[in-house]
Amino acid sequence: MGRDSVVRVGVLFWLAAVYMALWGDLSVGNLVGGLVVGALIMVALPLPRIPVSGRLDLLAMAEAAVVSAYYALESSLQIAWFAIRPAPPPVSGVLRVGLSTKSDLVLVLTTDLLNLIPGTMVLEIDRSRCLVYVHVLDVGSDAAVARFYHQTRRLERLLISAFERPFPKSDRR
């Protein structure tokens, strides 16, 4: 089974899992229904192929998942504090982030993770210059801005190491 086939089967099972989650019932009927609906979606609305070069680094992928979950939790607590503290709301603004990725996949994953972190929202992506404009809830201090840039760089670095790793010299064809 080739790499493309493995990805297609993975996407099919992911769509079936989403279908079952939406129904809220883990049953054989929902699994079969999810597989049928997933197959119909994949045939009727095919996604363009995203070139992925190199090898996947599962350790970096796991670290990216843990780090992004930590950032989401930390940000959620920060937003809760902003809501209940006896002070004016934080200063928000739009920050420009220059990314160093070569891959559309890593660019999309980075922006998706930024959107999942409470208090941030990607407003615009400039692919030609690899710039992302992000609305950030708290830009009231240099430390807050530096923390945002540090988080973004760390997530991007983890995703690059997970998805843009070059082939080892012995494996090149």
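Tutor: Happy to. The lining of the second largest pocket has 8 nonpolar, 5 polar and 3 charged residues. Keep in mind that this is a predicted model.

Student: Which residues lie nearest the centre of that second largest pocket?

Tutor: Those are Ser75, Gln78, Val136, Arg147 and Gln151, out of 16 lining residues.

Student: And how much space lies in the second largest pocket?

Tutor: About 210 Å³.

Student: Which helix gives the largest share of the lining?

Tutor: That is α3, with 5 residues. Both α3 (58–84) and α5 (142–163) supply at least two residues each.

Student: Let me step back a bit. How many helices and strands does the protein have?

Tutor: There are 5 helices and 3 strands. Along the sequence their order is α-α-α-β-α-β-β-α. The C-alpha atoms fill a box of roughly 55 × 45 × 30 Å along the principal axes.

Student: Which residues make the contact on each side?

Tutor: From α3 they include Ala60, Met61, Ala64, Val67, Tyr71 and Gln78. From α5 they include Arg147, Gln151, Leu155, Leu158 and Phe163. Gln78, Arg147 and Gln151 are also among the residues nearest the centre of the second largest pocket.

Student: How does the contact of α3 with α5 split by class?

Tutor: It has 10 nonpolar, 5 polar and 4 charged residues.

Student: New topic: how does α4 pack with α5?

Tutor: Helix α4 covers residues 104–116, and the angle between α4 and α5 is about 140 degrees, with the axes 10 Å apart. That angle makes α4 oblique to α5. The crossing of α4 with α5 is right-handed.

Student: Which residues meet there?

Tutor: On the α4 side you have Leu105, Val106, Leu109, Thr110, Leu113 and Leu114. On the α5 side you have Phe148, Thr152, Leu155, Glu156, Leu159, Ile160 and Phe163. By class, that contact has 10 nonpolar, 2 polar and 1 charged.

Conventions. Residues numbered from 1 in each chain as written. Predicted model: local features only at pLDDT ≥ 70, side-chain atom pairs only at ≥ 80, totals over all residues. Heavy atoms only, no water. 1 Å grid on protein atoms, 1.4 Å probe; cavity = no way out; pocket = protein on both sides within 12 Å on 5 of 7 lines; lining within 4 Å. Points joined across faces, edges and corners; volume = space filled by probe spheres on them. Helix = DSSP H or I, 4+ residues; strand = E, 2+ residues; numbered from the N terminus. Nonpolar A, V, L, I, M, F, W, Y, C, P; charged D, E, K, R; others polar. Axes fitted to C-alpha atoms, helices over the stretch in contact; angles between N-to-C directions. Parallel < 35°, antiparallel > 145°, perpendicular 65-115°, else oblique. Left-handed = near helix turned anticlockwise from the far one by under 90°. Contact = heavy atoms within 4.5 Å.
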